[in-house]
Amino acid sequence: MLNSLVSSLSKYVTLTEAEVNAIASLFSFKTFRKRQYIMQEGEITRHETFIVKGLTRTYEVDEKGQEHVIQFGLEGWWIGDLYSFLTEAPSKYYIDCLEDTEVFQITKPNLEALYEKVPKMERHFRIIIQNAFIAATNRVASSLIKNASERYVEFTIQYPQIEQRVPDNQIASYLGITPQSLSRIRSQAQRKDK
(Lines give C-alpha, C1' and ligand atoms only; values in the text may rest on other atoms or scores of the structure.)
Protein backbone atom coordinates (compact mmCIF):
# COMPACT_ATOMS: atom_id res chain seq x y z
CA MET A 1 0.00 0.00 0.00
CA LEU A 2 2.72 2.46 0.96
CA ASN A 3 4.39 1.77 -2.39
CA SER A 4 1.65 3.58 -4.31
CA LEU A 5 1.99 6.66 -2.10
CA VAL A 6 5.78 6.64 -2.34
CA SER A 7 5.59 6.14 -6.10
CA SER A 8 3.33 9.20 -6.36
CA LEU A 9 5.55 11.28 -4.07
CA SER A 10 8.57 10.21 -6.13
CA LYS A 11 7.05 11.51 -9.34
CA TYR A 12 8.87 14.85 -9.16
CA VAL A 13 11.64 14.12 -6.63
CA THR A 14 14.00 11.26 -5.76
CA LEU A 15 13.56 9.88 -2.24
CA THR A 16 16.07 8.12 0.00
CA GLU A 17 15.11 5.25 2.28
CA ALA A 18 15.32 7.57 5.31
CA GLU A 19 12.96 10.02 3.60
CA VAL A 20 10.53 7.22 2.77
CA ASN A 21 10.57 6.21 6.46
CA ALA A 22 9.85 9.82 7.46
CA ILE A 23 6.94 9.92 5.01
CA ALA A 24 5.56 6.63 6.35
CA SER A 25 5.60 8.00 9.90
CA LEU A 26 3.56 11.10 8.99
CA PHE A 27 0.76 9.61 6.90
CA SER A 28 -2.08 7.47 8.21
CA PHE A 29 -3.85 4.73 6.27
CA LYS A 30 -7.64 4.58 6.32
CA THR A 31 -10.41 2.63 4.59
CA PHE A 32 -13.88 3.88 3.70
CA ARG A 33 -16.89 1.86 2.59
CA LYS A 34 -18.88 2.61 -0.53
CA ARG A 35 -21.23 5.57 0.16
CA GLN A 36 -19.23 6.60 3.24
CA TYR A 37 -18.25 10.26 3.53
CA ILE A 38 -14.63 11.31 3.75
CA MET A 39 -15.79 14.87 4.37
CA GLN A 40 -19.10 16.73 4.59
CA GLU A 41 -20.18 20.32 4.04
CA GLY A 42 -19.53 22.50 7.07
CA GLU A 43 -16.58 20.46 8.32
CA ILE A 44 -13.07 21.85 8.32
CA THR A 45 -10.81 19.80 6.07
CA ARG A 46 -8.25 18.26 8.42
CA HIS A 47 -6.46 16.01 5.90
CA GLU A 48 -5.13 15.98 2.40
CA THR A 49 -6.03 12.56 1.04
CA PHE A 50 -4.25 10.31 -1.47
CA ILE A 51 -6.35 7.56 -3.05
CA VAL A 52 -4.64 4.17 -3.12
CA LYS A 53 -7.67 2.20 -4.29
CA GLY A 54 -11.25 3.14 -5.03
CA LEU A 55 -13.20 6.09 -6.35
CA THR A 56 -14.56 9.28 -4.79
CA ARG A 57 -16.64 12.21 -5.85
CA THR A 58 -16.43 15.79 -4.62
CA TYR A 59 -19.67 17.70 -4.94
CA GLU A 60 -21.64 20.70 -3.75
CA VAL A 61 -25.37 20.90 -3.04
CA ASP A 62 -27.20 24.07 -4.07
CA GLU A 63 -30.13 25.72 -2.26
CA LYS A 64 -32.60 23.62 -4.30
CA GLY A 65 -30.94 20.38 -3.15
CA GLN A 66 -29.34 19.76 -6.56
CA GLU A 67 -25.91 18.08 -6.48
CA HIS A 68 -23.11 19.52 -8.63
CA VAL A 69 -20.14 17.18 -9.08
CA ILE A 70 -16.85 19.08 -8.97
CA GLN A 71 -14.40 16.20 -9.31
CA PHE A 72 -14.03 12.45 -9.32
CA GLY A 73 -11.01 11.04 -7.48
CA LEU A 74 -9.28 7.96 -8.84
CA GLU A 75 -6.37 5.79 -7.78
CA GLY A 76 -3.22 7.91 -7.58
CA TRP A 77 -5.12 11.21 -7.18
CA TRP A 78 -5.12 13.69 -4.30
CA ILE A 79 -8.49 14.89 -3.03
CA GLY A 80 -9.71 17.39 -0.46
CA ASP A 81 -10.75 20.99 -0.11
CA LEU A 82 -7.44 22.85 -0.22
CA TYR A 83 -9.02 26.18 0.74
CA SER A 84 -10.56 24.68 3.88
CA PHE A 85 -7.37 22.74 4.64
CA LEU A 86 -5.17 25.85 4.49
CA THR A 87 -7.52 28.42 6.05
CA GLU A 88 -9.43 26.18 8.47
CA ALA A 89 -12.68 27.60 7.08
CA PRO A 90 -15.65 25.22 6.87
CA SER A 91 -15.84 23.39 3.56
CA LYS A 92 -18.77 23.80 1.19
CA TYR A 93 -18.11 20.38 -0.35
CA TYR A 94 -18.97 16.77 0.30
CA ILE A 95 -16.56 13.98 -0.58
CA ASP A 96 -18.04 10.50 -0.64
CA CYS A 97 -16.88 7.12 -1.83
CA LEU A 98 -18.43 5.61 -4.93
CA GLU A 99 -16.57 2.35 -4.22
CA ASP A 100 -14.82 0.86 -1.20
CA THR A 101 -11.82 3.15 -0.95
CA GLU A 102 -8.36 2.98 0.65
CA VAL A 103 -6.42 6.17 1.29
CA PHE A 104 -3.40 7.70 2.93
CA GLN A 105 -4.05 10.95 4.75
CA ILE A 106 -1.84 13.67 6.15
CA THR A 107 -2.83 16.42 8.57
CA LYS A 108 -1.70 20.03 8.20
CA PRO A 109 0.76 19.79 11.15
CA ASN A 110 2.19 16.56 9.72
CA LEU A 111 2.47 18.14 6.27
CA GLU A 112 4.47 20.98 7.80
CA ALA A 113 6.63 18.39 9.61
CA LEU A 114 7.10 16.59 6.28
CA TYR A 115 8.36 19.82 4.69
CA GLU A 116 10.86 20.15 7.58
CA LYS A 117 12.04 16.53 7.48
CA VAL A 118 12.00 16.14 3.70
CA PRO A 119 12.33 19.65 2.20
CA LYS A 120 12.06 18.38 -1.37
CA MET A 121 8.43 17.49 -0.64
CA GLU A 122 7.63 21.22 -0.88
CA ARG A 123 8.67 21.04 -4.54
CA HIS A 124 6.50 17.97 -5.09
CA PHE A 125 3.38 19.55 -3.57
CA ARG A 126 4.02 22.86 -5.34
CA ILE A 127 3.95 21.02 -8.67
CA ILE A 128 0.79 19.11 -7.64
CA ILE A 129 -0.95 22.38 -6.71
CA GLN A 130 0.19 24.06 -9.93
CA ASN A 131 -1.20 21.15 -11.96
CA ALA A 132 -4.47 21.26 -10.02
CA PHE A 133 -4.76 25.01 -10.65
CA ILE A 134 -4.19 24.50 -14.38
CA ALA A 135 -6.78 21.71 -14.48
CA ALA A 136 -9.34 23.84 -12.62
CA THR A 137 -8.72 26.81 -14.91
CA ASN A 138 -9.08 24.60 -17.98
CA ARG A 139 -12.32 23.14 -16.61
CA VAL A 140 -13.81 26.61 -16.06
CA ALA A 141 -12.75 27.74 -19.55
CA SER A 142 -14.16 24.56 -21.06
CA SER A 143 -17.52 25.04 -19.33
CA LEU A 144 -17.72 28.59 -20.67
CA ILE A 145 -16.51 27.99 -24.22
CA LYS A 146 -17.23 24.39 -25.23
CA ASN A 147 -20.54 22.74 -25.94
CA ALA A 148 -21.74 19.67 -24.06
CA SER A 149 -20.44 17.22 -26.69
CA GLU A 150 -16.95 18.71 -26.53
CA ARG A 151 -17.00 18.65 -22.72
CA TYR A 152 -18.05 14.99 -22.82
CA VAL A 153 -15.09 14.13 -25.09
CA GLU A 154 -12.73 15.94 -22.68
CA PHE A 155 -14.29 14.03 -19.79
CA THR A 156 -13.66 10.66 -21.45
CA ILE A 157 -10.02 11.65 -22.02
CA GLN A 158 -9.49 12.93 -18.46
CA TYR A 159 -11.31 9.99 -16.87
CA PRO A 160 -10.78 6.98 -19.19
CA GLN A 161 -12.97 3.98 -18.36
CA ILE A 162 -14.71 5.79 -15.52
CA GLU A 163 -18.08 5.46 -17.21
CA GLN A 164 -18.25 1.82 -16.07
CA ARG A 165 -17.66 2.94 -12.47
CA VAL A 166 -19.88 6.03 -12.15
CA PRO A 167 -23.67 6.37 -12.56
CA ASP A 168 -24.80 8.42 -15.57
CA ASN A 169 -26.57 11.03 -13.44
CA GLN A 170 -23.27 11.87 -11.72
CA ILE A 171 -21.40 12.12 -15.03
CA ALA A 172 -24.17 14.42 -16.30
CA SER A 173 -23.86 16.51 -13.13
CA TYR A 174 -20.10 16.83 -13.65
CA LEU A 175 -20.71 17.98 -17.24
CA GLY A 176 -23.48 20.37 -16.21
CA ILE A 177 -26.13 18.66 -18.35
CA THR A 178 -29.15 16.42 -17.82
CA PRO A 179 -28.89 12.62 -17.99
CA GLN A 180 -31.09 12.77 -21.09
CA SER A 181 -28.60 15.11 -22.80
CA LEU A 182 -25.78 12.74 -21.86
CA SER A 183 -27.65 9.84 -23.44
CA ARG A 184 -28.24 11.87 -26.61
CA ILE A 185 -24.54 12.88 -26.81
CA ARG A 186 -23.45 9.25 -26.45
CA SER A 187 -25.88 8.13 -29.15
CA GLN A 188 -24.56 10.79 -31.53
CA ALA A 189 -20.96 9.78 -30.78
CA GLN A 190 -21.75 6.10 -31.45
CA ARG A 191 -23.35 6.96 -34.79
CA LYS A 192 -20.27 8.94 -35.79
CA ASP A 193 -18.00 6.01 -34.87
CA LYS A 194 -19.88 3.62 -37.17
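Residues are numbered from 1 along each chain as its sequence is written, and side-chain values use heavy atoms, with hydrogens and water left out. Because the model is predicted, local features need pLDDT of at least 70 and side-chain atom pairs count only at pLDDT 80 or more, whereas totals for chains, interfaces and linings use all residues. Helices (H or I, at least four residues) and strands (E, at least two) are DSSP runs, numbered from the N terminus.

The largest nonpolar core has 22 residues. A nonpolar core is here a set of buried Ala, Val, Leu, Ile, Met, Phe, Trp, Tyr and Cys residues joined through side-chain atoms within 4.5 Å; buried means under 20% relative accessible area, exposed over 50% and partly exposed in between, with a 1.4 Å probe and protein chains only. Leu9, Leu15, Phe27, Leu114 and Met121 have the most contacts inside the largest core. Two or more residues each come from helix H1 (2–9), helix H2 (17–26), strand S3 (47–53), strand S8 (101–107), helix H4 (108–117) and helix H5 (120–145). With four residues, H2 gives the most to this core. Leaving aside neighbours within four places in sequence, Phe27 is in contact (heavy atoms within 4.5 Å) with Leu5, Leu9, Trp78, Phe104, Gln105, Ile106 and Leu114. A second, separate core has 19 residues, including Phe72, Tyr152, Ile162 and Tyr174.

Strand S8 is mostly covered, with six of its seven residues buried. Strands count as paired if DSSP finds at least two bridges between them. Strand S1 (residues 28–32) pairs with S8 in the antiparallel sense over five bridges, and Thr31 stands opposite Glu102 in S8. S3 also pairs with S8 in the antiparallel sense, over six bridges; here Glu102 in S8 is the bridge partner of Lys53.

Helices H2 and H4 pack with their axes 10 Å apart, at an angle of about 170°. Axes are lines fitted to C-alpha atoms, for helices over the stretch in contact, and angles run from 0 to 180 degrees between N-to-C directions. Angles under 35 degrees count as roughly parallel, over 145 as roughly antiparallel, 65 to 115 as roughly perpendicular and the rest as oblique. H2 is therefore roughly antiparallel to H4. Ala22, Ile23, Ser25 and Leu26 of H2 make the contact with Asn110, Ala113, Leu114 and Lys117 of H4.

The axes of H4 and H5 come within 6 Å and cross at roughly 125°, so that H4 is oblique to H5. The residues in contact are Leu111, Leu114 and Tyr115 of H4 and Met121, Glu122 and Phe125 of H5. Helix H5 also holds Val140, which counts as partly exposed at 49% relative accessibility. The C-alpha atoms of Val140 and Tyr37, 103 residues apart along the chain, are separated by 26 Å.

Four strands form an open sheet with antiparallel pairing, in the order S2-S7-S4-S5. Strand S2 (37–39) and strand S5 (67–73) are the edge strands, each pairing on one side only. From one strand to the next, the twist averages 30°. Strand S4 (residues 56–61) pairs with S5 in the antiparallel sense over six bridges, and Gly73 in S5 is the bridge partner of Thr56. Helix H7 packs on the sheet and touches S4 and S5; the direction of H7 makes about 100° with that of S5.

The axes of helix H6 (residues 148–158) and helix H7 (residues 168–175) come within 10 Å and cross at roughly 115°, which makes H6 roughly perpendicular to H7. The crossing is right-handed; a crossing is left-handed if the near helix is turned anticlockwise from the far one by less than a right angle, and right-handed if clockwise. Arg151, Tyr152, Phe155 and Gln158 in H6 meet Ile171, Tyr174 and Leu175 in H7. H7 is mostly covered, with six of its eight residues buried, namely Gln170, Ile171, Ala172, Ser173, Tyr174 and Leu175. Gly176 follows H7 and has a positive phi, near 75°.
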